[in-house]
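Please find below a colleague's note on the model under review. The points are numbered so that each may be taken up separately.

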Amino acid sequence: MTDILRVQGLRKAFGGVVVANGIDFSLSTGAMHCLIGPNGAGKSSFFRLLLGEHAPDAGTIIFDGSDITNLRSFQRIRRGISVKFQVPGIFKALSVRQNLEVAFQDHLNGQSLNTKIHEMLDFTDLHAEETTPAGNLSHGQQQWLEIAMAVGVEPKLLLLDEPTAGMSPDETRKTGEMLHDLNARGITILAVEHDMAFVEQIARRVTVLHFGSIFVEGTIAEIIDHPGVQEIYLGTADV
Amino acid sequence: MISSETTPRSRTRSLLARLEGPQTMGRGPAFWIAAAVAIAAAAAYPLTADAWTVGNAAYFLIWTFMAMGLGVVWGYAGALSFGQTAFFGLAGYAYGVITLNLGAAYGLTLVALVLAVAIGGLFALVIGYFMFYGRIQGVFIGIVTLSVTLVLETFMAQTAGPQWRIGEARLNGFNGMSGMPPLTLPWVGEDIALYPGPSLYYLLLGLVVICYLGLRIMLNSSFGNVLVAIRENPHRVGMLGYDVRLYQTLAFAIGGAFAALSGALYTAWGQYITPSSMGLTSAALPIIWVAVGGRRDITATLIGTIVVLAGFQSLTIYGSQYALVVMGALLLVTVLVAPQGLVVGAMTFLGRIFKKDKS
Amino acid sequence: MDLLQNVFAMLYQFGDTFAFLVISCAGLAVIFGMMGVINLAHGEFIMCGAYVTASAARAGLPLPVAILTGALVAGAVGMLVERMVIRHLYHRPLDSIIATWGISLIATQGVLIVLGSTMQGIGTPLGSIEVGSRSYSLYRLVLMVCALGLLGGLYLLFYHSRFGVIARATIQKPHMAHALGVNTGRMYGLTFGLGAALAGLAGGLYAPTMTMVPTMGATFIVESFVTVVVGGADIFVGAAPAAAILALIKAGLTAWYGQLFGQIGLLVTVILVIRILPGGLSGWLKGTTR
């Protein structure tokens with residue numbers, strides 16, 4: 001199995017604050033992987049570096065066999081990375097349909113675009129809201145819409161930043177099922193998540209970040225039993 | 001064989017389908033009948049008025065291009081440009097310089113018109129490139145564009161000396177250029193010079209209709225989709241794989257080209273152009289038309305512009321300073337009371353009343 | 001001897017431009033830096049200060065008192081404008097800018113209607129001094145000192161006074177300041193008033209050197225915008241060094257190529273700066289020192 005993503009020696013500091021301290025990380029194609037760590041561990045910064053929103057001070061990012069370290073965000077997206085942010089990044093004044101159009105029109109047009117939009121409306125159960133401004137949807141529906149925008153383009157790698165933030169337990173479970181479904185269709189998934197129950201539901205392997213470096217990586221059971229992890233993370237966060 | 005026949009036709013059909021869409025108000029037979037009636041009334045207008053009044057109405061139409069261009073840049077792409085007059089003025093001067101050098105024969109004034117629009121649009125492309133690729137955002141776009149137009153004004157005002165000439169054309173500093181030929185159509189026998197009057201009016205009316213419909217198609221196309229998405233959330237648009245800077249720059253260049261069209265037509269209409277057309281007061285006027293009409297809808301922008309211009313014109317008989325005070329007050333009231341625009345506000349209000357009546 | 005004379009001429013030109021940039025942009029920079037509002041009526045507050053100064057001076061007040069009166073009146077008008085218009089638009093920064101443009105139009109044209117197209121000015125005081133074969137206006141040298149004094153005064157106000165601390169807290173964390181019992185509305189009002197008063201001060205200081213016309217504010221506006229754009233949001237880290245750099249560029253180009261190239265040089269600098277340093281000087285300086 002090849003690696004879809006390989007990060008080597010990734011380093012980034014803002015003045016004296018080191019947010020990525022030589023991260024070596026790889027993700028095999030088809031994986032479903034979670035990234036955890038206490039607040040300030042560098043999870044979001046790592047995502048920003050992957051997405052090209054920050055330029056690293058050192059290190060390389062290899063995606064799908066080619067070096068994307070110096071590419072701009074939109075160029076990385078075009079190579080098959082897709083992202084869903086913690087705060088729903090949707091176009092609130094535009095209708096649900098327009099949101100989906102903007103997400104897919106670059107890849108599809110005419111009838112195939114229409115088919116895709118219908119498929120995604122089915123998928124998110126938003127058929128009745130097709131012409132509603134996205135800002136009027138419930139928080140959960142907005143999350144769903146953004147997930148649809150992110151996965152409808154059939155990315156090779158899907159990055160999720162706390163996908164279940166603000167969702168009800170029911171919606172969270174549904175999201176987990178959907179992610180398994182997407183993964184089964186061949187999409188590699190990397191998620192930052194706080195909710196350990198959700199991590200258990202979706203992740204096959206987990207990486208713990210601490211102070212901008214990889215602390216440990218393993219299966220969920222290994223991570224939970226790891227004494228160091230309990231000390232730095234679970235002991236404090238699992239209130 | 002069959003496919004080569006159907007492809008262009010189906011392409012035309014899909015273009016026409018773009019005349020309606022979520023980015024533009026007005027759809028269905030009722031709207032298009034009303035639009036046709038409005039155009040017919042506008043076309044019949046010269047029959048009811050004398051040539052001077054018609055020439056004056058042509059003057060209103062000239063400004064609508066700049067207003068619609070600003071509507072695209074500000075209302076749709078979300079970049080508030082305070083300096084559309086820079087492209088207006090530059091194209092106005094370009095038309096003057098080119099026609100004074102080439103003359104009006106063989107339809108060369110039309111070539112000058114096209115060149116002037118191209119120059120204005122190109123300048124907007126360059127300014128847009130520096131702004132958007134320099135990640136300039138929000139208020140800074142306003143300041144930079146305003147600075148550009150004000151510096152251009154100062155520059156042109158300082159060109160009084162005889163050394164400031166381009167070929168035959170003296171720039172004439174503060175007093176501006178004059179004496180350039182009007183638009184002239186080549187015709188068998190004798191060329192037709194379009195002085196302010198019915199024939200110029202019809203030409204402009206045709207241009208307005210073409211530009212308005214063309215913009216509707218563009219705004220409802222995938223390009224327009226991306227523009228409004230950028231207005232709502234540029235970061236997300238980038239994260240969907242679009243080069244946001246490119247779209248913003250293109251929208252800005254289109255807006256600039258429309259302002260340039262107004263500028264070149266203005267020079268051709270009055271046969272003069274002065275540096276004050278790029279000054280602070282002139283720069284404020286397009287903002288007023290578009291804000292008062294409603295920037296997020298091209299139809300509201302068009303209607304608002306014509307109504308405000310007509311109001312401004314009728315106030316000018318008391319003195320332009322009174323008219324400008326009213327314009328300033330109108331802008332304040334719009335921003336405070338109906339930020340989405342008075343025309344849009346009125347449309348929404350009427351819609352609500354209708355709904356109440358029905359229920 | 002010739003060399004010394006030329007050096008003095010260059011320094012004078014630089015100091016004169018620097019003073020003009022600092023004094024004319026201070027009010028704009030304070031309002032923008034503290035409130036995020038670009039005040040397009042900035043030039044009209046300058047005009048207000050200049051008109052009041054000139055009237056007061058001709059009524060017999062000594063010039064420094066007249067200038068202060070001009071600044072105070074402009075500040076009072078500023079607070080009134082904030083109360084009536086700007087306060088309603090804080091959550092819509094772009095609209096607040098457009099509103100100030102409306103105010104600018106009303107003010108310029110209103111003054112034109114009420115006071116006519118020009119007003120009698122006051123002559124430049126203090127005469128001139130001779131350096132070598134050339135003479136220089138002493139009042140302009142005073143203006144250079146005023147510019148430095150203004151920067152010093154603002155520094156003390158924002159970093160070493162109760163008002164400054166509260167103002168900066170309000171700007172950085174409005175909700176927190178509000179929770180701590182700061183009257184944030186009043187702080188915004190005072191800040192806008194301060195910006196307007198500084199604009200009025202600029203008008204008062206330059207009133208003796210200018211023709212009094214309702215559109216005189218436009219003379220200041222390009223330079224002050226350019227300084228604020230190049231400087232970025234922070235007046236001390238950004239605007240002051242920006243004024244120095246721009247003054248150097250403008251004075252140099254003006255000395256060698258004339259007025260016009262000085263102004264074009266400013267514009268080119270702005271375009272290059274925004275291409276290279278999107279956050280302006282202050283964003284860049286803060287980014288490297290953090």
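This is a predicted model: local features need pLDDT of at least 70, side-chain atom pairs count only at pLDDT 80 or more; totals for chains, interfaces and linings use all residues.

1. Salt bridges overall. Over all chains, a search of the whole structure returns 17 salt bridges.

2. Asp57(A) and Lys12(A). These two residues form a salt bridge in which the closest N and O atoms are 3.9 Å apart. The pair links distant parts of the chain, 45 residues apart: Asp57(A) belongs to the loop between helix 1 (43–51) and strand 4 (58–63) of chain A, and Lys12(A) to strand 1 (residues 3–14) of chain A. The cut-off for a salt bridge is 4 Å, and the reader may wish to set the separation of 3.9 Å beside it.

3. Asp106(A) and Arg78(A). The side chains of this pair meet in a salt bridge with an N to O distance of 2.7 Å. Asp106(A) sits in the loop between helix 3 (96–104) and helix 4 (110–124) of chain A and Arg78(A) in helix 2 (residues 73–78) of chain A, so the contact ties together parts that are 28 residues apart in sequence. Asp106(A) counts as partly exposed, its relative accessibility being 35%.

4. Lys116(A) and Glu154(A). A further salt bridge joins these residues, with 3.3 Å between the closest N and O atoms. Because Lys116(A) is in helix 4 of chain A and Glu154(A) in the loop between helix 5 (139–151) and strand 7 (157–161) of chain A, the pair ties together parts that are 38 residues apart in sequence. Lys116(A) is buried, with a relative accessible area of 9%, while Glu154(A) is partly exposed at 47%. Both residues belong to a network of salt bridges that also links Glu119(A) and Arg185(A).

5. A buried threonine. Thr175(A) is part of helix 6 (residues 169–184) of chain A. Its relative accessible area is 0%, so Thr175(A) is classed as buried. When residues up to four places away in sequence are set aside, Thr175(A) touches Trp144(A), Ile147(A), Thr164(A), Met167(A) and Phe198(A).

6. Helix 3 of chain B. This helix (residues 51–76) has 26 residues, which at 1.5 Å a residue should span 38 Å; the end C-alpha atoms are 37 Å apart, in agreement with that value. Helix 3 is mostly covered, 23 of the 26 residues being buried. Just after the helix, Gly78(B) adopts a positive phi of about 75°.

7. The interface of chain C and chain B. Here 37 residues of chain C are in contact with 43 residues of chain B. The two chains bury about 3,900 Å² between them, of which 83% is on carbon and sulfur atoms. How many salt bridges does the rule find across this interface? The count is zero.

8. A nonpolar surface patch. On chain B, Met25(B), Ile303(B), Val307(B) and Met347(B) form a nonpolar patch on the surface, and together they have about 310 Å² of accessible area. Met347(B) is located in helix 14 (residues 342–358) of chain B. With a relative accessibility of 33%, Met347(B) counts as partly exposed.

Notes. Residues are numbered from 1 along each chain as its sequence is written. Chains are lettered from A and ligands numbered from 1 in the order in which they are written. Side-chain values use heavy atoms; hydrogens and water are left out. Patches are made of residues with over 30% relative accessible area and no salt bridge: like charges are joined within 9 Å, nonpolar side chains (Val, Leu, Ile, Met, Phe, Trp, Tyr) within 5 Å. Accessible areas come from the Shrake-Rupley method with a 1.4 Å probe; for residues, only the protein chains shown count as cover. Helices (H or I, at least four residues) and strands (E, at least two) are DSSP runs, numbered from the N terminus. Buried means under 20% relative accessible area, exposed over 50%, partly exposed in between (1.4 Å probe, protein chains only). The expected span of a helix is 1.5 Å times one less than its number of residues. Contact means heavy atoms within 4.5 Å. Buried area is the accessible area (1.4 Å probe) that two parts lose on being put together, summed over both.
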